[in-house]
Structures are given as structure tokens and as C-alpha cells.
Amino acid sequence: MSATDKISAKEIIIAIVVLAVVGAAMFFTIKTFNSEGIQQSITISDKGSPSKNFVGINVQLLSFDPIKGDATARVSFTPEGSLAGEDGAVKQDLKFFINSANGKQEIDYAKGKRMTPVEAVIPIYEGNAAAYPFDKHKAQVELYLTPGKPAEKKEADKPAPQPAGEEAAPKKEEAALEDIPIDVDWFGSLPGYTITAANSKESDENYVLFEVGLERSNIAVFFSIFVSVLMWLLTIAVLFLMISVLFRGRKAEIAMFSFMAALLFAFYAVRNSQPNVPPIGVLSDFLAFFWAELIVGACLLAGVFTWVFRPSK
């Protein structure tokens, strides 16, 4: 082995430093992922549990579509105290209300039956997906549970026919129905999003209104910014390359054209590799993608025409 082939102590130190920096960056990235990817379980309201006879409601976020402006959640129930029967059945008829944007907003649960989970589409009232990756969205979830009216009583509620000449007995007023106390827990985590939930001041033991916030996670924002910066650096490199060809007399080579043509298609693929990126036309496109395509395309055309019309030496 010649002296030039030997690894010097300086090269070993540089390699160790590089590996240490890469390792630290990976550790930080994984730590950030773990903190953002953890399932967000939050107790929204526990005002119903002191009554001991209440229904625990769990709202789990399943998906979120910023383009349509809605989020899908699964709502499950756990009767407690005197409301709980065998095998999770409920001991009285109940009616559940939720502000679903698609499907039923009122669901009836019959006495002696289990309260099966329901899926609801939560409307987004604030947010614009075109602001990617800095878009922020807000939604409101409204929950309410009351005693239901048994189906078999509908016929009994009708007044009985009275004999001729007799006046119908005045109907007794029914007692006012009391609302059912509820506890509400929120459970949600989606890749690429930071999700928060906070109870409203309007909530009480029978009625719960809470707000859900959804925004891009720090990792998603960082990667999107990295992609934009990468596009600009490559675009500036191509621009300087063509300036050198056009004004400094550097020879235009075919390999340059292959490189620039490949970039035009590579930028599109890299742009779509961003996490949960909407279709073309968002803020990040106006900041980097459109400019990169325009400048590289113009440089490619300028290089081709220079190669064609510049006389050979």
C-alpha cells in the first residue's frame, strides 16, 4: 500500500465528526417524530361522572381531508351507573345528537340494546388547504344526549275515541325530559398533522362543545421547506451554468441538456413527495416549484438554441 493510499488521522477524525453529526440529526428527528406521532388522548369534559349515572363518550379522529374541508370521527359510548345494563346494553331509550355534516345528526338507541359506535363527518369552519404547508384548520364538535321516546308508545300516545256526548278528558302534561350527563374523551393522531382539542366555556354536564385544531406537523413543514430550498439551489446552479455558456463562451454540451431536461421532470416528482401535499397550486408551488420549472425550462431552451446557432470553432 502506497503512502497516498493510507488513511490519515485527519480523515478518521473528519469521518467520526460527520457520523456524529448525522447520528445526532437522526436522533433528533426520531425524537421529534415520537413526540408528534403519539396518540393524543385528551379528556374534554368530566362533568358528567360526579352524577354516577352518565354515559362516557369517546371521539376518535379517523381521517382528515383538507381539500373537502371535513374530518371523519368514530363516536363510541359507555353507559355507567343505572344506565348500564348487561353486556353494555342501555337500560332506557336514549337519543344522541351530533353536528355531523354528512349523515344522521340524531341517533336513537333502544332500551336493552347496545349503543353501537357511529361515524360522523365533522365540518371544518376555518382553514385553507392552499396555504400548504402553513395551513391551519379548525372544527367544532357538538354532543348532546337526551332520553328517547320508546317506539311502542307512539300508538298509546294517541287519544282514545270518546262516546258521543262526552267530552274528552284533559290530557295530563308529560313530565319534562331530563338530559343525560356525559363525559367526553378525545383521541386523535394522524401522520403529518399536529392535532389539538379544547373544551368550550358553553359546555356543561349535559352538553359538550369543543374545538379541534389541525395543522401540519413540524416535520412536515421542515421537509416542505427543505424541498423548496433544494429546488431553488438546483435552479440557481442551472442558471449560473447557462450564464457561463451564454456570456463567457463556455462550450454547450449535450450532457447539460440531459441534466436540465431531467430536472424538469424530477422537480414534479420531488414536489409530490411532500407529506400530504394537495394538488398543484398551493403556496409552496408559488414559492419554489413554479419558479424552478420556469427558469430551468428557459435555460434549457436557451442552451439548445445556443448549441444550434453558435458557430463551431
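Start at Val 55: select Pro 79 in strand E3 to see its bridge partner. Strands (E, at least two residues) and helices (H or I, at least four) are DSSP runs, numbered from the N terminus. This is a predicted model, where local features need pLDDT of at least 70 and side-chain atom pairs count only at pLDDT 80 or more, while totals for chains, interfaces and linings use all residues. Residues are numbered from 1 along each chain as its sequence is written, and side-chain values use heavy atoms, with hydrogens and water left out.

**Stop 1: the strands**

Select residues 55–65 and 70–79. These are E2 and E3, antiparallel and paired over 10 bridges. Two strands count as paired if DSSP finds at least two bridges between them. Four residues separate E2 and E3 in a hairpin. Click Gly 69 in the turn: its phi is positive, about 80 degrees.

Look at Gly 56, which has Asp 183 of E8 opposite it.

Glu 126 has Lys 138 in E7 as its bridge partner. When you colour side chains, remember that in a regular strand they alternate between the two faces of the sheet.

**Stop 2: helix H3**

Select residues 218–247. H3 has 30 residues, so at 1.5 Å a residue it should span 44 Å; its end C-alpha atoms lie 43 Å apart, which agrees. The expected span is 1.5 Å times one less than the number of residues.

Which residues of H3 are buried? Among them are Ala 220, Val 221, Ser 224, Val 227, Met 231, Val 238 and Val 245. Buried means under 20% relative accessible area, exposed over 50%, and partly exposed in between (1.4 Å probe, protein chains only). An α-helix has 3.6 residues a turn, so residues three or four places apart point the same way.

Show strand E10 (207–216), helix H4 (254–272) and helix H5 (283–309): the buried residues of H3 pack against them.

**Stop 3: the loop between H4 and H5**

Pick Gln 274 in this loop. It counts as buried because its relative accessibility is 5%. Leaving out residues up to four places away in sequence, Gln 274 touches Tyr 132, Phe 223, Ser 224, Val 227 and Ser 284. A contact means heavy atoms within 4.5 Å.

**Stop 4: the nonpolar patch**

Select Ile 254, Leu 301, Val 304, Phe 305, Trp 307, Val 308 and Phe 309. Together they form a surface patch with about 740 Å² of accessible area. Patch residues have over 30% relative accessible area and no salt bridge; nonpolar side chains (Val, Leu, Ile, Met, Phe, Trp, Tyr) are joined within 5 Å, like charges within 9 Å. A salt bridge is a side-chain nitrogen of Lys or Arg within 4 Å of a carboxyl oxygen of Asp or Glu. Areas come from the Shrake-Rupley method with a 1.4 Å probe; for residues, only the protein chains shown count as cover.

H5 gives the most to this patch, six residues. Phe 309 sits in H5 and is exposed, at 62% relative accessible area.

**Last view: the whole chain**

Zoom out to five helices and 10 strands. Of the 313 residues, 35% count as buried.
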